[in-house]
Amino acid sequence: MKTVVNLVTAFAFVLVTLPALAGNGDSLMAKKEFVPDWAKDAVWYQIFPERFRNGDPGNDPKLADIDGAYPHDATSPWKISPWGADWYELQPWEKENGKDIWFNLQRRRYGGDLQGVIDKLQYIKDLGINAIYFNPLFTSPSLHKYDGVTYHHIDPTFGPDPEGDRKLIDSEVFDDPSTWKWTSADKLALELIKKAHGMGIRVIFDGVFNHMGLKSPPFIDLKKNQQKSRFKNWFTVKSWDDAKKGTKFEYEGWFGHKELPELKEDENGIVAEPKKYIFDITKRWMDPNGDGNVADGIDGWRLDVAFCVKHNFWKDWRTHVKSINPEAYLTAEVIDPIDVIKPYLEGDEFDAVMNYNFGFAAADWIMAEKTRITTSEFNQRLEDLRDAFPGGVEYVQQNLFGSHDANRIASHAMNADLGRYGDWGKWYGTSWGGNKKYNTAKPTPEAYAKVE
């Protein structure tokens, strides 16, 4: 077992990985495998780009670049946050808006970029890492970039020429691949992939195909032109602006979050127009030159909120992905018990999931004090996970403990009995600094001992 800790980030994200949770020998190996062989030995390093490293101060975001992202304040005083500053301390300009720490955390930008990752590739390699999972890199005004403006361009503030990139993007037709250009940020991403591959490091991107952001051209056009928009079938619209009927424009946001308008689905999943766009960008990043040489592209995808998109879409998409690169790796965010996860891992959708069930079991065994499970119980849970899925899945799961959606592991140890990690819905709303019962103090030696 290996614990991979991102020591470079301003906000550290930790991924606990196993090259494989050992299976039951010949009986497991006898199953017909459908997973990429290289993923069996993958030791993953998760990178949250904006918080990783500022390798190029010349591309730092400006106040205008955060417009359109929560908390929708692009007028209060604002500066790039100093790298290494205590995150829980408000900067002088932040105090002027009179808002709390949570509000200001969302507005902060530290200037992390692709050059910062390139500069640290050797460091990552020296840790023993051979696979990188990037949180969203595509154009977006937020720090997390799950509210994509596009899927076919890297965010301009991650590359060397933000203004030049925006001009190129503005010259395109959003959903016409024949008009798409390669921006300087796009090219730098391809350079990063080339350098990583040269070091034996695989790279996967975060695919956020359930929803887009308020600043995406399709949504802007839809909001402006209503039923006359050529993107009227892209999103789930509840009602239109109609003075006669007395209705206002209303749409479905992911779990009610209006910053994340959901792409429209029918019984087969995401509908034709946005589906084509997703398939087009999939090809773009997996085979950038369109010549069948997949060595130039990414090695797979992590699929955000995959449980929110119908199975038939994922079946079609997997066929598309594997037709481009049969060795591509597909891992999904599905945070559910084994019986719910099973349909995703039968060989016609994903190769793996972000295996939070491993983390839940580990938390109950290592972190908990009052409700700690026995070693035998822990072993049984791991055995259940090993034996649950066919096709070599047990060898390629992303067996994580922490992620961008979870509290830091050391902070988890400080709050071990505040709730159960396995009660995901409750824990997600409990384990954050805005909860007055959550202990945000510096971790004790005892807490660090649990991490180690």
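## Exercises on salt bridges and a helix pair

Glu250 is partly exposed, with a relative accessible area of 30% (between buried, under 20%, and exposed, over 50%, using a 1.4 Å probe and protein chains only). This is a predicted model, in which local features need pLDDT of at least 70, side-chain atom pairs count only at pLDDT 80 or more, and totals for chains, interfaces and linings use all residues. Residues are numbered from 1 along each chain as its sequence is written, and side-chain values use heavy atoms, leaving out hydrogens and water.

**Exercise 1.** Find the salt bridge between Glu250 and Lys258 and give its N to O distance.

*Solution.* Start with the criterion: a side-chain nitrogen of Lys or Arg within 4 Å of a carboxyl oxygen of Asp or Glu. Next, check the pair: Glu250 and Lys258 meet at 2.5 Å, N to O. Finally, look at Lys258, which is partly exposed at a relative accessible area of 30%.

**Exercise 2.** Which parts of the chain does the salt bridge of Asp65 with Arg166 link?

*Solution.* First, the closest N and O atoms of Asp65 and Arg166 are 2.7 Å apart. Then place the partners: Asp65 sits in the loop between β3 and α2, and Arg166 in helix α6 (residues 162-170), 101 residues apart. Helices (H or I, at least four residues) and strands (E, at least two) are DSSP runs, numbered from the N terminus.

**Exercise 3.** How are α12 and α13 oriented to each other?

*Solution.* Take the angle between α12 (residues 356-367) and α13 (residues 375-387), about 175°. Angles over 145 degrees count as roughly antiparallel, so α12 and α13 are roughly antiparallel.

Conventions:
Axes are lines fitted to C-alpha atoms, for helices over the stretch in contact, and angles run from 0 to 180 degrees between N-to-C directions. Angles under 35 degrees count as roughly parallel, over 145 as roughly antiparallel, 65 to 115 as roughly perpendicular and the rest as oblique.
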